[in-house]
Amino acid sequence: MAGFYSLRKRLYLSIYNWAAFVGWVQVLYLAVKTLKESSHEHVYNAVEKPLLLAQSAAFLEIIHSLIGFVRSPISTTLPQVASRFFLVWGILYSFPEIQTHILVSSLVLSWSITEVIRYGFFGTKEALGFAPSWLTWLRYSTFLVLYPTGISSEVGLVYFALPYIKSSEKYCVRMPNKWNFTFDYYYATLLGVGTYVPGSPYMYTHMLGQRKKVLSKSKGE
């Protein structure tokens with residue numbers, strides 16, 4: 001019974017990872033194609049639908065972590081997925097004024113390259129029981145460059161969106177109302193981006209530790 005459960009879990013995770021891989025390959029392809037044939041100002045429009053779908057599907061990774069389907073701790077999975085949800089829905093989708101910014105291109109490229117490698121790695125590992133050494137190296141090395149470029153793009157886009165968030169008052173709740181509750185999206189965004197200060201070094205340090213552990217084990221084998 002335990003073996004059957006394990007087989008079903010591996011099959012599900014393999015399908016999930018390869019489906020996500022395909023989604024991010026599409027995002028990467030459309031971004032590169034648009035940059036080559038047009039300009040950075042059209043990248044968001046080109047990738048919007050697959051980007052929103054691929055990143056929204058990552059909500060399942062929180063569930064995977066909570067129920068023990070994967071070994072990734074919720075302490076790293078939750079903030080990473082939540083911050084990306086915030087970027088794609090709360091910033092890019094909600095404020096079209098910044099969709100043509102050049103940082104959108106660096107964000108999309110950083111995310112999509114990272115995710116194509118990550119989902120390809122885990123998809124291969126679930127399907128075959130192992131991943132080739134070159135793919136393992138890519139999985140645990142490319143973040144050294146792509147994580148800083150991705151984080152910088154995220155923070156930069158939030159910064160440039162702030163004037164539009166403040167002037168539009170979108171998602172704000174003002175008093176008086178029947179709930180006797182007030183909410184200001186502008187200050188909530190400032191608070192959210194403030195979490196990058198302790199969060200980013202924590203995530204980067206965690207990944208450095210994982211890299212050392214995995215690659216040293218790989219060399220030993």
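Start by selecting Ser83: leaving aside residues up to four places away in sequence, Ser83 touches Glu154 and Tyr196, where contact means heavy atoms within 4.5 Å. What you have open is a predicted model, in which local features need pLDDT of at least 70, side-chain atom pairs count only at pLDDT 80 or more, and totals for chains, interfaces and linings use all residues. Residues are numbered from 1 along each chain as its sequence is written, and side-chain values use heavy atoms, with hydrogens and water left out.

**Stop 1: Ser83 and its helix.** Ser83 sits in helix 4; helices here are DSSP runs (H or I, at least four residues), numbered from the N terminus. Which backbone oxygen does the side chain of Ser83 reach? Show Gln80: its backbone oxygen is 2.9 Å from the Ser83 side chain.

**Stop 2: the rest of helix 4.** Colour the buried residues next; among them are Val81, Ser83, Arg84, Leu87, Val88 and Ile91. Buried means under 20% relative accessible area, exposed over 50%, and partly exposed in between (1.4 Å probe, protein chains only). As you look along the helix, keep in mind that an α-helix has 3.6 residues a turn, so residues three or four places apart point the same way.

**Stop 3: helix 3 beside helix 4.** To see where they meet, show Phe59, Glu61, Ile62, Ser65 and Leu66 in helix 3 with Ile74, Thr77, Leu78, Val81 and Phe85 in helix 4.

**Stop 4: the loop between helix 7 and helix 8.** Move on to Pro176, in the loop between helix 7 (143-168) and helix 8 (185-194). A cis peptide bond, with omega about -5°, joins Met175 to Pro176.

Glu169 is in this loop too, and has a positive phi of about 55° although it is not a glycine. Is Glu169 buried, partly exposed or exposed? Glu169 is partly exposed, at 41% relative accessible area.

Finish at Asn180, in the loop between helix 7 and helix 8. Asn180 has a positive phi of about 55° without being a glycine, and Asn180 is exposed, with a relative accessible area of 59%.

Terms used. Helices (H or I, at least four residues) and strands (E, at least two) are DSSP runs, numbered from the N terminus. A polar contact is a pair of N or O atoms within 3.5 Å; within protein, one must be able to donate a hydrogen and the other to accept it, and residues adjacent in sequence count only if both atoms are side-chain atoms.
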